[in-house]
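Please look through the sequence and the structure before reading the points below.

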Amino acid sequence: MPVGTLAELRDHPRLRAEIQTAVEQANHSRSRAEQVKAFRVLPHDLTEADNELTPTLKVKRAVLAEHHASDIGDLFRGHGGSRPADAAGPAIIAATQDHPRPTHRPHR
């Protein structure tokens, strides 16, 4: 894997291919409505300082939804316009320094 910051690597073809493979594997055990249809890699780590993580490093979904509303909107516009209330649909993919593996977090 190439070396660089998330901002530099977020659109790198090899990184996107590895994430796509992980998403496809995860989708095998999900119903069609729960499957991740698209993803976006954030240009930065999630941090407690940005209020995106709790002190125990849990993701604050509401804060992420607010901070990244434009990205989330773009993902859903690319997949049918509006998001059904019960569909997982697109996901924002984020990694933290303490948790280097991507976390797939559908936004509801």
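Where is Leu57 found? Leu57 is located in the loop between S1 and H3. The structure shown is a predicted model.

**Positive phi angles in the loop**

- Most residues other than glycine have a negative phi.
- Leu57 is not a glycine, yet its phi is positive, at about 65°.
- Leu57 is partly exposed because its relative accessibility of 29% falls between the limits of 20% for buried and 50% for exposed.
- Asn51 also has its place in the loop between strand S1 (36-41) and helix H3 (61-67).
- The phi of Asn51 is near 65°, a positive value in a residue other than glycine.
- With a relative accessible area of 37%, Asn51 is partly exposed.

- Side chains of opposite charge can pair when their charged atoms come close.
- The structure holds four salt bridges.
- One of them joins Arg40 and Asp71, whose closest N and O atoms are 2.7 Å apart.
- This pair links distant parts of the chain, since Arg40 belongs to strand S1 and Asp71 to helix H4 (residues 69-77), 31 residues apart.
- Is Asp71 buried or exposed? Asp71 has a relative accessible area of 17%, and it is therefore buried, as the limit for that class is under 20%.
- Arg40 also forms a salt bridge with Asp74, and here the closest N and O atoms are 3.7 Å apart.
- Asp74 is partly exposed, having a relative accessible area of 35%.

- Arg77 forms a salt bridge with Asp74, and their closest N and O atoms are 2.7 Å apart.
- Both Arg77 and Asp74 lie in helix H4, three residues apart, which is about one turn of the helix.
- Arg77 is exposed because its relative accessible area is 54%, and the class of exposed residues begins over 50%.

**The network**

- Which residues are linked in a network of salt bridges? Arg40, Asp71, Asp74 and Arg77 are linked in this way.

How values were computed
Residues numbered from 1 in each chain as written. Predicted model: local features only at pLDDT ≥ 70, side-chain atom pairs only at ≥ 80, totals over all residues. Heavy atoms only, no water. Helix = DSSP H or I, 4+ residues; strand = E, 2+ residues; numbered from the N terminus. Buried < 20%, exposed > 50% of the residue type's maximum accessible area, 1.4 Å probe, protein only. Salt bridge = Lys/Arg side-chain N within 4 Å of Asp/Glu carboxyl O.
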